[in-house]
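Hello,

Here is the structure we talked about handing over. Please open it alongside this message; my notes follow below.

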Amino acid sequence: IDGTIKTGQTIKLWSSVNPDRAFAIKVGRMDAPHHMEWYSGMPFGLFRGTRHYKLTPTENGARFEMQEIYTGPLKGLITKAIPDLQPSFETFADALKAKAEAA
């Protein structure tokens with residue numbers, strides 16, 4: 001990730017799914033440390049991907065949730081071309097868990 005993770009800022013993200021491409025992502029909402037929302041997409045709302053990160057306190061620490069929501073009239077066409085991101089999400093969550101447990 002390159003950039004400042006702050007509401008209204010645009011960051012660049014490189015993913016292991018497509019390491020040669022930087023994704024420009026807007027930080028839409030930041031209610032640290034409970035919720036964060038990132039999004040990117042096409043002009044005029046033709047397609048938008050919004051990712052929510054949520055931390056909920058529990059008796060033993062915290063529960064982490066991550067959800068990707070796609071919207072827009074081109075959603076059906078574009079989501080067919082998106083690779084399975086579940087392995088990438090699991091790698092991210094595992095790394096986050098390891099970092100939190102080490103802290």
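**Salt bridges and the sheet**

The side chains of arginine 29 and aspartate 31 form a salt bridge, with N and O 2.6 Å apart. Keep in mind that this is a predicted model. Arginine 29 has 39% relative accessibility, so it counts as partly exposed. Aspartate 31 is partly exposed too, at 33%.

The whole structure holds 4 salt bridges. Another one joins arginine 51 to glutamate 68, again with 2.6 Å between the closest N and O atoms. This pair links distant parts of the chain: arginine 51 lies in strand E4 and glutamate 68 in strand E5, 17 residues apart. Arginine 51 counts as buried because its relative accessibility is 19%, under the 20% cut-off. Glutamate 68, at 23%, is partly exposed.

Arginine 63 and glutamate 65 make a salt bridge as well, with closest N and O atoms 3.7 Å apart. Glutamate 65 is partly exposed, with a relative accessible area of 32%.

Which side chain of opposite charge is nearest to glutamate 37? It is arginine 48, 4.2 Å away. A salt bridge needs a nitrogen within 4 Å of a carboxyl oxygen, and glutamate 37 has none, although it is buried. Glutamate 37 sits in strand E3. Beyond its neighbours within four places in sequence, its contacts include Lys26, Arg29, Arg48, Arg51 and His52.

On to the sheet. It is open, has 5 strands in the order E1-E2-E3-E4-E5, and pairs them antiparallel. E1 (10-15) and E5 (61-71) are the edge strands; each has a single partner, so one side of each lacks a neighbour in the sheet. Neighbouring strands are turned by 30 degrees against each other on average, direction ignored.

The pairings, strand by strand:

- E1 and E2 are joined by 6 bridges. Leucine 13 stands opposite phenylalanine 23 in E2.
- E2 (residues 18-31) and E3 (residues 35-41) share 5 bridges. A hairpin of 3 residues connects them. Lysine 26 faces tyrosine 39 in E3.
- E3 and E4 (residues 48-58) pair over 7 bridges. Here tyrosine 39 has threonine 50 as its bridge partner in E4. The hairpin between these strands has 6 residues, and in it phenylalanine 44 takes a positive phi near 60 degrees.

Best regards

Technical notes. Residues numbered from 1 in each chain as written. Predicted model: local features only at pLDDT ≥ 70, side-chain atom pairs only at ≥ 80, totals over all residues. Heavy atoms only, no water. Pairing = 2+ DSSP bridges. Helix = DSSP H or I, 4+ residues; strand = E, 2+ residues; numbered from the N terminus. Axes fitted to C-alpha atoms, helices over the stretch in contact; angles between N-to-C directions. Buried < 20%, exposed > 50% of the residue type's maximum accessible area, 1.4 Å probe, protein only. Lys, Arg positive; Asp, Glu negative; His and termini not counted. Contact = heavy atoms within 4.5 Å.
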